[in-house]
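Student: I have a protein model open and would like to learn how to read it. Can we go through some features one at a time?

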Amino acid sequence: TVNGQKMSKTLGNVIDPNDIIDTYGNDALRYYFLAKISPFSDGDFSEEKFKQTYNADLANGLGNLIARVAKLAETADYTHMGNAAHASEHFIEDGPYTKALADFRFPDSLSFVWGNIAELDRYINEQKPWELVKTDTKRLAGVLAHCIDRIQEIAMLLDPFMPETSARILEQFKGPKIKS
């Protein structure tokens, strides 16, 4: 349905997904459907709800986190010596992310990922790396290493849902130098 009404050419409420993809990309539309609509029942779509989700989750949530950490790493001329993204406890068979994914509870898997994004944002706000640039470069390096490792993990968790975005994030944060 669209805005609570069944899609119909007669009503003129049919939405061409190609128009949305042209503006926002494949991953954004894929994300919306997987995060907001159950694969087991009909769902309701509206461009307004899509744009709200895009702005809240993708632009302001994920996008701001990526831009923020990349800019900090670039400004600090940080060299990331960590490994490429690694498997974490979230990928084990009985982990919450994997269980939800296996049960086709995509909104739950994505909620788990966005919980990680919020947690990393809180960590950054608590650690205040923008202040450490001038006062404690050793501690700054530890904070940035943690942030970049977590971003790589988040990108891996996003791969089944947003493969293009995941690949771009992993490429941007593979190091050794991180560019904003």
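Student: Which residues does Trp 114 touch, not counting residues up to four places away in sequence?

Tutor: Keep in mind that this is a predicted model. Leaving out residues up to four places away in sequence, Trp 114 touches Tyr 31, Asp 57, Leu 58, Leu 62 and Leu 158.

Student: Which residues touch the most other members of the largest nonpolar core?

Tutor: Trp 114 and Phe 173 do, in a core of 44 residues. Helices H2, H3, H5 and H7 (137-158) each supply at least two residues of this core. H7 gives the most, with 10 residues.

Student: Which residues of H2 are buried?

Tutor: Start with the general idea. An α-helix has 3.6 residues a turn, so residues three or four places apart point the same way. In H2, the buried residues are Asp 27, Ala 28, Leu 29, Tyr 31, Tyr 32 and Ala 35.

Student: What do the buried residues of H2 pack against?

Tutor: They pack against four helices: H1 (17-24), H3, H5 (106-127) and H8. One of the buried residues of H2, Tyr 31, is also among the residues that Trp 114 touches.

Student: How is empty space found in a model like this?

Tutor: Rolling a probe the size of a water molecule over the atoms shows where empty space is left. Here the largest pocket holds about 230 Å³ of space. It is lined by 15 residues, and those closest to its centre are Tyr 54, Leu 58, Met 162, Thr 165 and Arg 168.

Student: Which elements give two or more residues to the lining of the largest pocket?

Tutor: Helices H2 (26-36), H3 (47-75) and H8 (163-172) do. The largest share, 6 residues, comes from H3. Sorted by class, the lining has 9 nonpolar, 3 polar and 3 charged residues.

Student: Is Asn 116 buried or exposed?

Tutor: The cut-off for buried is under 20% relative accessible area. Asn 116 has 5% relative accessibility, so Asn 116 counts as buried. This residue is found in helix H5. The side chain of Asn 116 makes a polar contact with the side chain of Arg 150, at 2.9 Å.

Student: How far apart in space are Ala 118 and Val 133, C-alpha to C-alpha?

Tutor: The distance is 23 Å, and the two residues are 15 apart in sequence. Ala 118 is also in helix H5. With a relative accessible area of 31%, Ala 118 is partly exposed.

Student: Where is Lys 128 placed?

Tutor: Lys 128 is in the loop between H5 and H6 (129-135). Lys 128 has a positive phi of about 50° although it is not a glycine. Its relative accessible area is 36%, so Lys 128 is partly exposed.

Student: Which peptide bond is cis?

Tutor: The bond from Gly 175 to Pro 176 is cis, with omega near 5°. Pro 176 sits in the segment after H8.

Conventions
Residues numbered from 1 in each chain as written. Predicted model: local features only at pLDDT ≥ 70, side-chain atom pairs only at ≥ 80, totals over all residues. Heavy atoms only, no water. 1 Å grid on protein atoms, 1.4 Å probe; cavity = no way out; pocket = protein on both sides within 12 Å on 5 of 7 lines; lining within 4 Å. Points joined across faces, edges and corners; volume = space filled by probe spheres on them. Nonpolar A, V, L, I, M, F, W, Y, C, P; charged D, E, K, R; others polar. Buried < 20%, exposed > 50% of the residue type's maximum accessible area, 1.4 Å probe, protein only. Contact = heavy atoms within 4.5 Å. Polar contact = N/O pair within 3.5 Å; in protein donor to acceptor, adjacent residues only side chain to side chain. Core = buried A, V, L, I, M, F, W, Y, C linked by side-chain atoms within 4.5 Å.
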